[in-house]
Amino acid sequence: MIAVLSDTHSTDGHDLQGRALDAVRDAELVIHAGDFTTETALDAFYDAADQLFAVHGNADEPAVRDRLPEARTLEAGGLRVAVTHRQRGGTTGLAMFGRERGADLVVSGHTHQPTVTETEDVTLLNPGSHADPRGNPAAHAELHPDNGGVRGEIRDRDGSVLREFRVEGQ
């Protein structure tokens, strides 16, 4: 399983609780789309996750920005995944970012709103924020490799499924 999170906004740790904490501990890979805020929060994720694949966000302090790139691409669960915190141009900008990287899935954050958007070429996933939801449900995403793609779920803190989706690999 791959756990996908964003927008921690913490000064003192990972602020994981409930299903998000279980997901990070159980995941083979954790993807984080930025805004840890502090090195303490980033280090807490490194301690909690078997493998962390992260980018920095706009609210991250300089020490976090020095340690993480603005964007990354990886192969995971049979997919090519492009990760960024935010991209100018909204949905169109994120889709272009994904196409430029040959991605099946683009993971982003910034809005704190958990969403899945299907475009012509790529699926856009914002897992929301597990710790600072700002009027949205506290959420994260879980990706389960399945027949050359992934079966995905956006889940809230108590584990309820808010949205199910599927992404096919190329």
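Visitor: In this predicted model, how many residues lie between S4 and S5 in their hairpin, and which residue in the turn has a positive phi?
Guide: S4 and S5 form a hairpin in this model, which is a predicted one. Two residues lie between the strands, and the residue in the turn whose positive phi is about 60° is Gly 77.

Visitor: How do S4 and S5 run, and which residue stands opposite Ala 76?
Guide: Strand S4 covers residues 71-76 and strand S5 covers residues 79-84, and six bridges join the two in an antiparallel arrangement. Within S5, the residue that stands opposite Ala 76 is Leu 79.

Visitor: How many bridges join S7 to S8, and what is the bridge partner of Thr 115?
Guide: Strand S8, residues 123-126, runs antiparallel to S7, and four bridges join the two strands. In S8, the bridge partner of Thr 115 is Asn 126.

Visitor: What is the strand order of the six-stranded sheet, and which strands stand at its edges?
Guide: This is an open sheet with mixed pairing, and its order is S3-S2-S1-S9-S10-S11. Each edge strand has a single partner strand, so one side of it is left without a neighbour in the sheet; these edge strands are S3, residues 52-54, and S11.

Visitor: How many bridges join S10 to S11, and which residue stands opposite Val 150?
Guide: S10 and S11 run antiparallel, and seven bridges join them. In S11, the residue opposite Val 150 is Val 167.

Visitor: Which strands does H1 lie across, and at what angle does it run to S9?
Guide: H1 lies across S1, S2, S9 and S10. Its direction relative to S9 is given by an angle of about 40°.

Visitor: Which residues of the largest nonpolar core touch the most other members?
Guide: In soluble globular proteins, nonpolar side chains tend to be buried together. The largest nonpolar core here holds 23 residues, and the elements that give two or more residues to it include S1, S2, S4, S5 and S6. Leaving aside neighbours within four places in sequence, Ile 31 has contacts that include Phe 53, Leu 74, Val 81, Val 83 and Val 107. The core members that touch the most others are Ile 31, Val 83, Val 107 and Leu 125.

Visitor: Is Ser 10 buried or exposed, and which backbone oxygen lies 2.7 Å from a polar atom of its side chain?
Guide: Ser 10 is placed in the loop between S1 and H1, and because its relative accessibility is 2%, below the 20% limit, it counts as buried. Leaving aside neighbours within four places in sequence, its contacts are Asp 15, Phe 36, Thr 37, Thr 38 and Ala 41. The backbone oxygen that lies 2.7 Å from a polar atom of the Ser 10 side chain belongs to Gly 13.

Visitor: Where is Thr 37, and what is its phi?
Guide: Thr 37 is in the loop between S2 and H2, and it is buried, with a relative accessible area of 17%. Although Thr 37 is a residue other than glycine, its phi is positive, with a value near 90°.

Visitor: Where is His 112, and what is its relative accessible area?
Guide: His 112 is found in the loop between S6 and S7. Its phi is near 65°, a positive value in a residue other than glycine. His 112 is buried, and its relative accessible area is 1%.

How values were computed
Residues are numbered from 1 along each chain as its sequence is written. This is a predicted model: local features need pLDDT of at least 70, side-chain atom pairs count only at pLDDT 80 or more; totals for chains, interfaces and linings use all residues. Side-chain values use heavy atoms; hydrogens and water are left out. Two strands pair if DSSP finds at least two bridges between them. A nonpolar core is a set of buried Ala, Val, Leu, Ile, Met, Phe, Trp, Tyr and Cys residues joined through side-chain atoms within 4.5 Å. Buried means under 20% relative accessible area, exposed over 50%, partly exposed in between (1.4 Å probe, protein chains only). Contact means heavy atoms within 4.5 Å. A polar contact is a pair of N or O atoms within 3.5 Å; within protein, one must be able to donate a hydrogen and the other to accept it, and residues adjacent in sequence count only if both atoms are side-chain atoms. Axes are lines fitted to C-alpha atoms, for helices over the stretch in contact, and angles run from 0 to 180 degrees between N-to-C directions.
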